[in-house]
Amino acid sequence: MPWPSPQLYTAMTHTSHTHSTAAIIKTYGRYLKLEKNYSPNTVAAYLTDVAHLMDFCAEQGVTPLEVRLPLLEQFVATLHDLGIGAASQARILSGVRSFYRYLVLDGYIDDDPTELLESPQLGERLPEVLTTAEVDRMEAAIDLSRAEGQRNRAIIEVLFACGLRVSELVNLRLSSIYSEAHFVRILGKGNKERLVPISDSALHELDLWYADRCHIDIKPGEEDYVFISRRGRHLTRMMVFYIVKRFAALAGIRKPISPHTLRHSFATALLQGGADLRAIQAMLGHESIGTTEIYMHIDTTTLRDQILNHHPRNMNRDKGEE
């Protein structure tokens, strides 16, 4: 698991507290990994957020245990001066808040200095989504005569049909796909399992991929992974990013696209089709319904049509009622 940057250790040398900052950061990392059950990538992200604070503490000649609200407000101003955007500032502050909650929980400090700390205001930013036609164009842009062609088509279809995170896709196992029941078992964030329905079209693309997959010399220990490279190892997240971006470009799609766009598109299509928000929450693996609501994006045209078609005043007018 990645640990703090060299700059972080520079900050650690400034502590005069009984508890060394280095030891605190180390135990915090263990807390995130073992008690919060976060993935290595998530742990690394939280530690990177704390590293920003440690760099600031080093410049101010204080330890994180000595930080109070005015200094944190100065820290936020410093992030702004560095040209860090509001969304990135908010993410860093979320990690800093987590760190101070841990310090209170473990008895390093009595009061949380981040309680009254305000986050930068974020404008409403709706996520990009793809229509079904655009997904079809991406799949049509794939050259199926190439060895990896059917694999790439199956990747795009499974992402769109199941709404998986890219980390969930690259770790998908053959033993977790229940074709007859039309479900896949997903190990999501925090090692929490969930069952997600899978469509006939996605299963069909997978079956075609299996016919190609059986000709690959798969490395020992990789046999159960669904998506394998030509070298016989399971795909990385970056490889899937490259695949999705490449075929979006070939399909003439100019939106900023990533594997997560297909997850947004999955959720949006379900919502527009009338699916219950709680059901979408369960399929996405969100702990909070609030997160699911943020995911949802219905364009203004769809919203207008829903109101015009279903509001009782408009329905009465269509029937010629006064």
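1. A residue is called buried when its relative accessible area is under 20%, exposed when over 50%, and partly exposed in between, with a 1.4 Å probe and protein chains only. By that rule glutamine 281 is buried, because its relative accessible area is 9%. The model is a predicted one, in which local features need pLDDT of at least 70 and side-chain atom pairs count only at pLDDT 80 or more, while totals for chains, interfaces and linings use all residues. Residues are numbered from 1 along each chain as its sequence is written, and side-chain values use heavy atoms, with hydrogens and water left out.

2. Glutamine 281 sits in helix α12, residues 277-284, where helices (H or I, at least four residues) and strands (E, at least two) are DSSP runs numbered from the N terminus. Its side chain and that of arginine 278 are joined by a polar contact of 3.2 Å, a term for a pair of N or O atoms within 3.5 Å in which, within protein, one must be able to donate a hydrogen and the other to accept it, and residues adjacent in sequence count only if both atoms are side-chain atoms.

3. Eight salt bridges are found in a search of the whole structure, each being a side-chain nitrogen of Lys or Arg within 4 Å of a carboxyl oxygen of Asp or Glu. One of them pairs lysine 255 with glutamate 134, with the closest N and O atoms 2.9 Å apart. This pair links distant parts of the chain, 121 residues apart, since lysine 255 is in the loop between α10 and α11 (259-272) and glutamate 134 is in helix α6. Lysine 255 is partly exposed at a relative accessible area of 27%, whereas glutamate 134 is buried at 12%.

4. A further salt bridge joins glutamate 139 to arginine 153, the closest N and O atoms being 3.9 Å apart. It connects helix α6, which holds glutamate 139, with helix α7, which holds arginine 153, the two residues being 14 residues apart. Glutamate 139 is buried, with a relative accessible area of 4%, and arginine 153 is partly exposed, with 21%.

5. Glutamate 148 and arginine 146 also meet through their side chains in a salt bridge of 3.1 Å, N to O. Glutamate 148 counts as buried at 10% relative accessibility, while arginine 146 is partly exposed at 42%. Elsewhere, salt bridges that share partners join Glu139, Arg153 and Glu205 into one network.

6. Glu148 is also among the residues that line the second largest pocket, together with others including Arg151, Asn152, Tyr242 and Phe247. Two or more lining residues come from each of α7 (149-162) and α10 (237-250), and α10 gives the largest share, five residues. A pocket here is an open set of points, on a 1 Å grid over the protein atoms alone, where a 1.4 Å probe fits, with protein on both sides within 12 Å along at least five of seven lines, and lining residues have an atom within 4 Å of a point.

7. Alanine 141 lies in the loop between α6 (132-140) and α7, and is partly exposed, with a relative accessible area of 25%. The C-alpha atoms of alanine 141 and alanine 249 are separated by 9.2 Å, although the residues are 108 residues apart along the chain.

8. Leucine 195 belongs to strand β3, residues 193-197, and counts as partly exposed at 49% relative accessibility.
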